[in-house]
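Take a look at the protein chain below. This briefing walks through its features, topic by topic.

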Amino acid sequence: MSDSTNTTVIGAGTHIKGEITFDTTARILGSVEGSITSRGDLHIGETGQCNATLDAARIVIDGTVEGDVTARERVQLNAKAVVCGDLTTTSLSVAEGASFVGYCRVGPEASKLKVTEPAGKTNAAPRATIPAASETINAAFAGLEAKFAAMSKGKNQVNGEVAASA
């Protein structure tokens, strides 16, 4: 984390609901529900519990986050971190023991990827598409979706032939 003299601390035992914006570094030790934005660093301490979207330059997580995490430079998940949500960042560090459940877009091009929902699917996972590969990826998913649809109707496909299951 950067300079501790300009750090705002939300202490343990503090509960905040709403939208929080920091112009400097912030350290969350309490619980926040809503969204947290920081122009500087954001640190979710071991006692921190966030049911919120996070957006900052650099994010370090030691506590629990349920929500999407976006960092323009870096995300660091330490050993006790528990994250459930999608993550987008340029650089990612995950320590042994950390828990992450969600979709991850990492690298210099991560924020440039277009995320789309599959047509007609409300609970389906979003797909990231890269313009040069989108047709190939979409064709592969369409083939898989067709095979899964046939299987769910009680049919098995073997060597291109469809046979009804017993």
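The points below cover the overall build, the cysteines, the salt bridges, one surface patch and one threonine. Keep in mind that this is a predicted model. The protein chain holds one helix and 16 strands. Five salt bridges turn up in a search of the whole structure, but zero disulfides do.

**Overall build**

- The protein chain has 166 residues, and 31% of them count as buried.
- Take the contacts in the protein chain with a separation of 6 or more: residues 24 or more positions apart account for 4% of them.

**Cysteines**

- Is cysteine 50 buried or exposed? Cysteine 50 has a relative accessible area of 3%, so it counts as buried, because the cut-off for buried is under 20%.
- Cysteine 104 has a relative accessible area of 39%. That value makes cysteine 104 partly exposed.
- A disulfide would need a pair of cysteine sulfur atoms within 2.5 Å.

- Aspartate 23 pairs with arginine 39 in a salt bridge, and their closest N and O atoms are 3.7 Å apart. This pair links distant parts of the chain, 16 residues apart. Aspartate 23 lies in the loop between strand E2 (15–22) and strand E3 (25–28). Arginine 39 lies in the loop between strand E4 (31–38) and strand E5 (41–44). Both aspartate 23 and arginine 39 are exposed.
- Lysine 80 and glutamate 46 form a salt bridge through their side chains, at 3.4 Å from N to O. They too link distant parts of the chain, 34 residues apart. Lysine 80 sits in the loop between strand E8 (69–77) and strand E9 (82–84). Glutamate 46 sits in the loop between E5 and strand E6 (49–61).
- Lysine 80 has a relative accessible area of 55%, so it is exposed. Glutamate 46 is exposed as well, at 54%.

**Salt bridges and strands**

- Which residue forms a salt bridge with aspartate 55? The partner is arginine 72, with the closest N and O atoms 3.0 Å apart. Aspartate 55 is in strand E6 and arginine 72 is in strand E8, 17 residues apart.
- Aspartate 55 is partly exposed, with a relative accessible area of 30%. Arginine 72 is partly exposed too, at 44%.
- Asp41, Arg58 and Glu73 belong to one network, joined by salt bridges that share partners.

**A nonpolar surface patch**

- Leu144, Phe148 and Met151 make a nonpolar surface patch of about 320 Å².
- Leucine 144 belongs to helix H1 (residues 134–152). Its relative accessible area is 41%, so leucine 144 is partly exposed.

**Threonine 88**

- Threonine 88 is part of strand E10 (residues 87–94).
- Why does threonine 88 count as buried? Its relative accessibility is 11%, and buried means under 20%.
- The side chain of threonine 88 makes a polar contact, at 3.3 Å, with the side chain of arginine 105.
- Set aside the neighbours within four places in sequence. Threonine 88 is then in contact with Val69, Thr70, Ala71, Arg105, Ala110 and Ser111.

Key: Residues are numbered from 1 along each chain as its sequence is written. This is a predicted model: local features need pLDDT of at least 70, side-chain atom pairs count only at pLDDT 80 or more; totals for chains, interfaces and linings use all residues. Side-chain values use heavy atoms; hydrogens and water are left out. Buried means under 20% relative accessible area, exposed over 50%, partly exposed in between (1.4 Å probe, protein chains only). A salt bridge is a side-chain nitrogen of Lys or Arg within 4 Å of a carboxyl oxygen of Asp or Glu. Helices (H or I, at least four residues) and strands (E, at least two) are DSSP runs, numbered from the N terminus. Patches are made of residues with over 30% relative accessible area and no salt bridge: like charges are joined within 9 Å, nonpolar side chains (Val, Leu, Ile, Met, Phe, Trp, Tyr) within 5 Å. Accessible areas come from the Shrake-Rupley method with a 1.4 Å probe; for residues, only the protein chains shown count as cover. A polar contact is a pair of N or O atoms within 3.5 Å; within protein, one must be able to donate a hydrogen and the other to accept it, and residues adjacent in sequence count only if both atoms are side-chain atoms. Contact means heavy atoms within 4.5 Å.
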